Amino acid sequence: MNTAQIIALLIQASYFAAAVLLIMGIKRMSSPVTARSGIQWAGVGVLVAVVVTFFYHPHGAAVNSLLIENAALIFIAIALSTAVAWYSGRRVAMTAMPQMVALYNGMGGGSAAAIGASALLAFAASLTASQFAGPYAPHANPPQVILAVIGALIGSVSFTGSLIAFAKLQGWMDKTFRFGGQQAVNGLCFLAAAALGAYVVYGICYTHQLDVTFIVAFFAVSLLFGILMTLPIGGADMPVVISLYNAFTGLAVGFEGYVQNNVALIIAGTVVGAAGTLLTRLMAKAMNRSISNVLFSNFGSGGGAAADIKGSMKPIEADDAASLLYMADKIIIVPGYGMAVAQAQHKIWELSQNLIKRDKQVKFAIHPVAGRMPGHMNVLLAEAGVPYDLIADMDDVNPEFPNCDVAIVIGANDVVNPVAKTDKSSPIYGMPILDVANAKQVIVIKRGKGTGFAGIENALFYQDNCKMLYADGQEAANKLIAGLKAMDGGGGH
């Protein structure tokens, strides 16, 4: 075995090791206890794959020839992007984490699309050769070119779609944007992208004649489709959209890995694509909706109104709410996006510690789509230092609400709305919810009387056992802590 063969073997072994680290990292991310180390494992895997790629140059692979020639530019790009990511990652607020995830996911999709563009342009350039080996262009075969086109299409959609999702979550754009015949326009745009992609494959592999303009047009229409596809989707669906585009990015990377003959990209892309697909299905199931319904319906658009809701919202003062907590034995706290906006997670945990010191049983109930991305509430509570054993998923905690003395809802709305089980005309009908309405007493911490992202009134707020504590999350928690201390002079029982 010569030196070149040994290097090639070491490169493939390194790629395999990187893939194993990535898979194990994702596995460890499934539990809050091991999530931090899982991220570190996956990060090391990606680092290994990046370093090894500088030594990887398959013979005759024209699409990889720029790697060595432009190594200096690549190092500059890596240095700049690392600096930006490090700075922004350390400064981003937890409330802005969903849009950062959407943005970074879009960058992954854009990178996959760029790889596809590089490959297609290289294939097109090879058509100028005077001799062809068989019916195909040099260094190209139909499966390669087809996967390059599909990966480029999916990556382009993920790129622009994720940017639109970022703009919506950041508040730069309305939650929804609709016009008459929008779905027909979207369909035509997709068909145009597919037709251009098919023509690119046909030109490269069979006629050996292809104007680069068609490749440019293919990418332009694909990018446009990503925008049009995401514009009508409402804010309530963003957890599903983010996980869906995450799956898109993974698939695009996997396809382009085949084009590049890069084992690391194939494995990593396939794993991320599979994980994103499973997560998307879980998110959709948590909302009792199909993925097509998320993409093509009007859910999350707002405009709903209270229908046949009797009673009125009953305000409560912080001191009276503190009295309810003081007399309670079992308390369940339900956090939502409003807690993130108020950055109240630390104060809510301080309130919980004051209750636990008074021998109260305290638990946090998390809905699968609470917040603006999967796991958003878990991340916030972990940041505040809430022990993992106090955090319960919806299915586990729902049977406990009838025996709960006081349920505290802070910033959650649609995920605790009982009309999801009673009103078939409601846009959230059928969506699994936290059964907060079954608690003996409910305290809702809310800044105002506005509706949730689904744009409908919450019947829970009108129930006889529900009281509304109108205040910012941090302010309310401080007042409740002060009220508890005032009842016993700051001590426990």
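Predicted model: local features only at pLDDT ≥ 70, side-chain atom pairs only at ≥ 80, totals over all residues.
Figure 1. L10 belongs to helix α1, which covers residues 3-28. L10 counts as exposed because its relative accessibility is 53%, above the 50% limit for that class.

**Figure 2. The chain as a whole.** The chain contains 18 helices and 6 strands. Of its 493 residues, 48% count as buried. The accessible surface of the chain amounts to about 22600 Å², and carbon and sulfur atoms account for 64% of that surface. Among contacts between residues at least 6 apart in sequence, 79% join residues at least 24 apart.

**Figure 3. The largest nonpolar core and the surroundings of L120.** The largest nonpolar core comprises 89 residues, and L120, F364 and L469 touch the most other members. Helix α6, residues 142-170, gives the most to this core, contributing 11 residues. With residues up to four places away in sequence left out, L120 touches V145, A148, V149, V200, I204, I215 and F219. A second, separate core holds 37 residues, including V397, V416, M431 and L460.

**Figure 4. The buried residue N417.** N417 is located in the loop that connects β4 (406-410) to α17 (419-422). N417 counts as buried because its relative accessibility is 0%, where the class requires a value under 20%. Apart from neighbours within four places in sequence, the residues in contact with N417 are I428, I433, I456, E457, N458, A459 and L460.

Figure 5. Strand β5 spans residues 441-446 and is mostly covered, with 5 of its 6 residues buried. β5 pairs with β4 in the parallel sense over 5 bridges. In this pairing, V406 has Q441 of β5 as its bridge partner. Strand β6, residues 466-470, also runs parallel to β5, and 5 bridges join the two. Here the bridge partner of V444 is M468 in β6. In a regular strand, side chains alternate between the two faces of the sheet.

**Figure 6. A salt bridge between two loops, K440 and D405.** The side chains of K440 and D405 meet in a salt bridge, with an N to O distance of 3.4 Å. K440 is in the loop between α17 and β5, while D405 is in the loop between α16 (394-397) and β4, so the pair ties together parts that are 35 residues apart in sequence. The two partners fall into separate accessibility classes: K440 is partly exposed because its relative accessible area is 47%, between the limits of 20% and 50%. D405 counts as buried because its relative accessibility is 18%, under the 20% limit.

Figure 7. K347 forms a salt bridge with E350, and their closest N and O atoms are 3.1 Å apart. Both residues lie in helix α14, which covers residues 345-357. They are 3 residues apart, about one turn of the helix. K347 counts as partly exposed, with a relative accessibility of 23%. E350 is likewise partly exposed, with a relative accessible area of 27%.

Figure 8. A salt bridge links K479 to E475, the closest N and O atoms being 3.0 Å apart. About one helical turn separates K479 from E475, because these residues are 4 apart in helix α18 (residues 473-488). K479 is partly exposed, with a relative accessible area of 39%. E475 is also partly exposed, with a value of 37%.

**Figure 9. A network of salt bridges.** K330, K363 and E400 are linked in a network of salt bridges. The structure holds 6 salt bridges.

Note on methods. Residues numbered from 1 in each chain as written. Heavy atoms only, no water. Core = buried A, V, L, I, M, F, W, Y, C linked by side-chain atoms within 4.5 Å. Buried < 20%, exposed > 50% of the residue type's maximum accessible area, 1.4 Å probe, protein only. Contact = heavy atoms within 4.5 Å. Areas by Shrake-Rupley, 256 points an atom, 1.4 Å probe, with all protein chains shown as cover. Pairing = 2+ DSSP bridges. Salt bridge = Lys/Arg side-chain N within 4 Å of Asp/Glu carboxyl O.
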